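Here is a short tour for a first look.

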Amino acid sequence: MSWLFVLLASLKQFILPLLALLVFGQGDRNALWPLIGVGVLALVSVWQYFTYRYGVADDALVVRQGLLERSLRVIPFARIHNVALQQSMLHRIFGVAEVRLESAGGQKPEAEMRVLKLEDALALEALVRQRGAAAVEAAPATSDAALLELPTGEVLRLGLVSNRGLVLLGAAFAAVSQVDRRVIPNLFERWGETLFGWAGERQFAATEYVLAAITFVVLVVLLLRLLSMALALLQYHGFRLTEHGRRLTVERGLLGRWRTSVSRRRIQAWTLREGLLHRLLGRRSLEIDTAVSEQGGQQRTLREVAPIATPDTCAGLVDHLLPKARWDRLEWHPLPAASWWRLWLPTLPWVAIGTAVLTWRFGAWGLLLLAWLPWAAFKARQRALRAGWSLGPELVAVREGWLDRHWRFAEIDKLQATQLVQSPVDRRCGTATVWLDTAGAGAMSPPLRIRFLPLAQARELHEALTRELARRPLRW
């Protein structure tokens, strides 16, 4: 049944635009002719997959594919950074799985087995884990040890603090807009005409309009949170983080199951997050960066070690996985308190532009936007008071944020480069920023940098880190 899964994988990217075309289209069926080309491409992909073969030779995986144009790929087990097993609903019905083997920095999987029997997929994962450990780490054989399990209540809390519902809604609007750019504007236009026409007939007062607007906003927020909680259940139900030797494995999912593993030595950097809702619920989240890249916005590597957990649990995971770092004993150095205006300064041009536009459109009412400046100044002062950095024997860390806080840290052995940067404002103020570069940083990961340091202190820190990097080997 491999051809069925390959065919569905080729066609699923066209399902949503096709449905949108049929539902919101103008009835012109000539627009369906391009689907002939889609069908040809799907058949070609199925034919290519029937020529796919893989096997094991000593300490490497061998992949052969193609009929007219053939290729032979040899992948040493020691070079495989991540093993990902995915099961959709259809996979689970047939008892099969999709396996992807990733290496550092690759723009696509080193090997991708679209359909394997589940027992064969697990056996291949175990083989990669054992052969890779024997070639690189020489880790002793141990059984899986559970480090974290999320019950249903924690998964619902994760959905409550996340914005997955808003992201899904935005993606749906973007997909529909690709089919017909007038669909979304027409929808909002008709909705507005109906709503305001109905309200105009009943001659609502100004206070009633305000109350209706507040009620509408609250209702939308509640619906988006409920959608986020439903998505969290689908994605993170049964979340389980286990450790086998020096390899971490995560398994999660309600309808479809997702399983991926990575060696602990492949972890390049760590991010501990705490938003406003996290603090109200007494929770945090812990993420990692590995050297496996992402393509097309799809995450293919293990990133969330603890999607949501108590602060003590997150600290315990860090201490367990980085025993030499001594996370709880780090000495934090605050940034200069007078640097708050540097955080406030980028707000000025945006507020000035917005005020000019609103004043031109609405007159003196547009000046109300200037009231944002005192709030922005207050936020900047709070951020400056909380910001800090720490340098230990094995770890370098920074912390930033106020309402939404994060701690970003990495082992010194994993740093690839350091950079001392001075902007025009830095030169005027006699300060500098030390940038620290690691592999595998995601687009949404906060930067690892130490800002607004006095120039002499920044140079001293930069030189100390440079000497350490030259002395220590890079542990990829």
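## Ground rules

Contact means heavy atoms within 4.5 Å. This is a predicted model, where local features need pLDDT of at least 70, side-chain atom pairs count only at pLDDT 80 or more, and totals for chains, interfaces and linings use all residues. Residues are numbered from 1 along each chain as its sequence is written, and side-chain values use heavy atoms, leaving out hydrogens and water.

## Nonpolar cores

W327 touches L272, V318, D319, W332, L395, A397, W407 and F409, with residues up to four places away in sequence not counted. W327 is also among the residues with the most contacts inside the largest nonpolar core, as are L241, W270, L286, V305 and F409. That core has 35 residues. A second, separate core has 21 residues, including A269, W389, A458 and L465.

A nonpolar core is a set of buried Ala, Val, Leu, Ile, Met, Phe, Trp, Tyr and Cys residues joined through side-chain atoms within 4.5 Å. Buried means under 20% relative accessible area, exposed means over 50%, and partly exposed lies in between (1.4 Å probe, protein chains only).

## A strand residue

A145 sits in strand β7 (residues 145–149); strands are DSSP runs of E, at least two residues, and helices are runs of H or I, at least four, numbered from the N terminus. A145 counts as partly exposed, at 35% relative accessibility. Leaving aside neighbours within four places in sequence, A145 contacts L241, T242 and E243. A145 and T242 are 97 residues apart in sequence, yet 5.3 Å apart in space, C-alpha to C-alpha.
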